[in-house]
Amino acid sequence: MTAPSTVLVTGGAGFIGSHVCVELLDHGYELIVVDNYSNSTPQVLTRAERIAGRFVGAVYELDIRDRQALSAVFDRHSVDAVVHFAAHKAVGESTRMPIEYYDTNVGGTTSLLRTMHEHGVHRLVFSSSSSIYGNAGRGPLDEATPARPTNPYAASKWICEQILADACRRCSEYTVLCLRYFNPAGAHPSGLLGEDPHGTPDNLMPYLAQVAIGRRERLRVFGDDYPTSDGTAIRDYLHVMDTVEAHRIALDHLADSTGMHVYNLGVGKGSTVLDVVAAFSEVCGRPIPYEIGPRRPGDVAELVADATAVARAWGWRPDRNLADICRDAWRFQQLNPDGYVGSARRANTKD
Ligand code: NAD
Ligand code: WQD
């Protein structure tokens, strides 16, 4: 079986999706992007095209739960493989809006799978999450660690994994590469693409960047009573550019064998929230103001990857560190102080 050349990217205007689009355009793939812009803006794709110097083949504004609209896209294009990013992703929000999370993340995935199957497309790269491991304790976690989700977001990703595993058991044509990301962060080195969620950021890195630029007063650190060196929670921060390289390599390996294969994507090194605050303060040249608040519901003390399986299978290893992540996130924030939409507004005003 040959490697895919036309790839449909769901959620391609989002943080990780847009960076992956640049990587795939750079490597000669034909891309079809679908996104409902619930957490992004169409302008992102124009920027991705500007960086790559090539156009995305086709872009559709649609909700992946709309099977009729999704089916029309598969009717129109000969899709070889799908990279599926479209989902809601905020742990805290998921505890307040569980049904919306299951509907979009699980319902979106079953809608996509049914549509793919109807069109004879069976190759998928799926965005899963380290959050499925839940409170697994200390030390690097490998893929055999039992899933124990502690919030609806994590549960929705674990349900999707089980659905995908069942689909592979039922139909031998499927190849599913399920990538469990730890904490992707940072930005494209050009400063043109980065993380710009709608509303108040839930994730640490964009929140810190908005404090650093003066859009927010201070960071609230969610808990300092965890059993860690400084009492704040430990995560494994992975540069988004390392993350996208893993996706490009995954596409190369979709032709290897059928069935479902699950890999952690992480660095294997943990940083506390205060380590990240210190690293960001260093790159932006001033201390980031913060206050200690209560723990966030659904959070766990520590999540660090054992990512040796993917290194063994594909030779993928991240080569950027926390300082690189903070430096690139800060560059994006400086060049886009009000985010993508704010930048467009300023550019239009100048015209
Ligand atoms: P993001 O919110 O920036 O991107 C998701 C994109 O999907 C957005 O452009 C959004 O508009 C779109 N989308 C959402 N619902 C949709 C729907 N029903 N139909 C069509 N488009 C829809 O998030 P991200 O950080 O780029 O994450 C991408 C994927 O990776 C998600 O599946 C997320 O769960 C997973 N993930 C992310 C992280 C992380 O730290 N960023 C970690 C683990 C897993
Ligand atoms: C990192 C650390 C917070 C914000 C989740 C998912 C994961 C991935 C990323 C999808 C935690 C602390 C955060 C703030 C803080 N999925 N924090 N103040 O929760 O590790 O991972 O999002 O996107 O799969 O589980 O990431 O960036 O939200 O938090 O103190 O304002 O920073 O408590 O310890 P998280 P995060």
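A cavity is taken here as a set of grid points where a 1.4 Å probe fits but cannot get out, and its lining residues are those with an atom within 4 Å of a point. In this predicted model, the lining of the largest cavity consists of Gly-186, Ala-187, Gly-194, Glu-195, Met-205, Pro-206, Ala-209, Ala-329, Phe-332 and Gln-333. The count of cavities of 30 Å³ or more comes to one, and the space in the largest cavity is about 50 Å³. At least two lining residues each are supplied by helix H7, residues 204-212, and by helix H11, residues 322-335. By class, six residues of this lining are nonpolar, three are polar and one is charged.

The surroundings of ligand 1 were examined next. The shell around ligand 1 holds 27 residues, of which Asp-35, Ser-40, Phe-85, Tyr-153 and Lys-157 come nearest. A polar backbone atom of Ile-64 is 3.0 Å from a nitrogen atom of ligand 1. Of the 820 Å² that ligand 1 exposes when taken alone, the protein buries 97%.

Three elements, namely helix H1 (15-26), strand E5 (123-129) and helix H6 (152-170), each contribute at least two residues to the shell around ligand 1. The largest share, three residues, comes from E5. The shell is made up of 13 nonpolar, 10 polar and four charged residues.

Ligand 2 has 19 residues around it, and those that come nearest are Ser-129, Arg-220, Arg-235, Arg-296 and Asp-299. Among these, Ser-129 has a polar side-chain atom 2.2 Å from an oxygen atom of ligand 2. On its own, ligand 2 has 680 Å² of accessible area, and the protein covers 93% of it.

Strand E8, which spans residues 219-222, provides the largest share of the shell around ligand 2, with four residues. In composition, nine residues of this shell are nonpolar, four are polar and six are charged.

Conventions. Residues numbered from 1 in each chain as written. Chains lettered and ligands numbered in written order. Predicted model: local features only at pLDDT ≥ 70, side-chain atom pairs only at ≥ 80, totals over all residues. Heavy atoms only, no water. 1 Å grid on protein atoms, 1.4 Å probe; cavity = no way out; pocket = protein on both sides within 12 Å on 5 of 7 lines; lining within 4 Å. Points joined across faces, edges and corners; volume = space filled by probe spheres on them. Nonpolar A, V, L, I, M, F, W, Y, C, P; charged D, E, K, R; others polar. Near = heavy atom within 4 Å. Polar contact = N/O pair within 3.5 Å; in protein donor to acceptor, adjacent residues only side chain to side chain. Areas by Shrake-Rupley, 256 points an atom, 1.4 Å probe, with all protein chains shown as cover.
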